[in-house]
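Please look over the sequence and the model before reading on.

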Amino acid sequence: MALAVQKGAPKPDISTPEAVKRTLLNAKSIISVDPTQGSVGGIALLALEKLGITDQVKPKIKWVQNGGLVQDSVAKGETEIALGPYLSDMRNPGLDIVGALPPGASTPVDITGFLSTSVKDSKAAKALLAYLSSHEVAPVYEAAKIFPAH
């Protein structure tokens, strides 16, 4: 999970769980994917519950159908803070990603690789999975605040 703000807006402090809590409680508005529409919203809701602030932010959080709506709303200045996945969803040039939430503020989400039963070249697919989980690519994950669980 991560926070994003409109491009050029001040970046709030999210360095500790307490700072994240303050940031979300002080925000004028927050937007995320509706938990009934996608896993992103469920993860966002779990983060709010983990911080113990679900009821306090309920009046100012807007739940929408997808990540594109989240990004557009913040990029246009309609909503102050986007709460969503760090890498996979926040690619709108009108956003500044504040960063990943610390583990104490959001339960880490596992990223899992697997082979389809209909894979045409299982040797190549296994090689790709081996590479993606190798020490060679670990610095890329660490820079993105994605930490291996091996």
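The model is predicted. It has an open sheet of five strands with mixed pairing, in the order S3-S2-S4-S1-S5. At the edges are strand S3 (61-64) and strand S5 (95-100), each of which pairs on one side only. From one strand to the next, the twist averages 25 degrees.

Strands in a sheet pair through backbone hydrogen bonds, and the pairing may be parallel or antiparallel. Strand S1 (residues 2-6) and strand S4 (residues 81-84) run antiparallel and are joined by three bridges. Leu 3 stands opposite Leu 83 in S4.

## Helix H4 on the sheet

Helix H4 (residues 67-75) packs on the sheet and touches S1, S2, S3, S4 and S5. The direction of H4 makes about 160 degrees with that of S2.

The buried residues in H4 are Gly 67, Val 70, Gln 71, Ser 73 and Val 74. They line one face of the helix, because they fall within an arc of 165 degrees when seen down the axis of H4. These buried residues pack against S1, S2, S3, S4 and S5.

## The ends of H4

Asn 66 caps the N-terminal end of H4, with a side-chain oxygen 3.0 Å from the backbone nitrogen of Gly 68. Just after H4, Gly 77 has a positive phi of about 80 degrees.

## Gly 38

Gly 38 lies in the loop between strand S2 (30-33) and helix H2 (39-51). Its relative accessibility is 24%, so Gly 38 counts as partly exposed. Gly 38 and Asn 66 are 28 residues apart in sequence, and their C-alpha atoms are 7.5 Å apart in space.

Terms used. Residues are numbered from 1 along each chain as its sequence is written. This is a predicted model: local features need pLDDT of at least 70, side-chain atom pairs count only at pLDDT 80 or more; totals for chains, interfaces and linings use all residues. Side-chain values use heavy atoms; hydrogens and water are left out. Helices (H or I, at least four residues) and strands (E, at least two) are DSSP runs, numbered from the N terminus. Buried means under 20% relative accessible area, exposed over 50%, partly exposed in between (1.4 Å probe, protein chains only). Two strands pair if DSSP finds at least two bridges between them. Axes are lines fitted to C-alpha atoms, for helices over the stretch in contact, and angles run from 0 to 180 degrees between N-to-C directions. Contact means heavy atoms within 4.5 Å. The arc is that of the directions from the helix axis to the C-beta atoms. A polar contact is a pair of N or O atoms within 3.5 Å; within protein, one must be able to donate a hydrogen and the other to accept it, and residues adjacent in sequence count only if both atoms are side-chain atoms.
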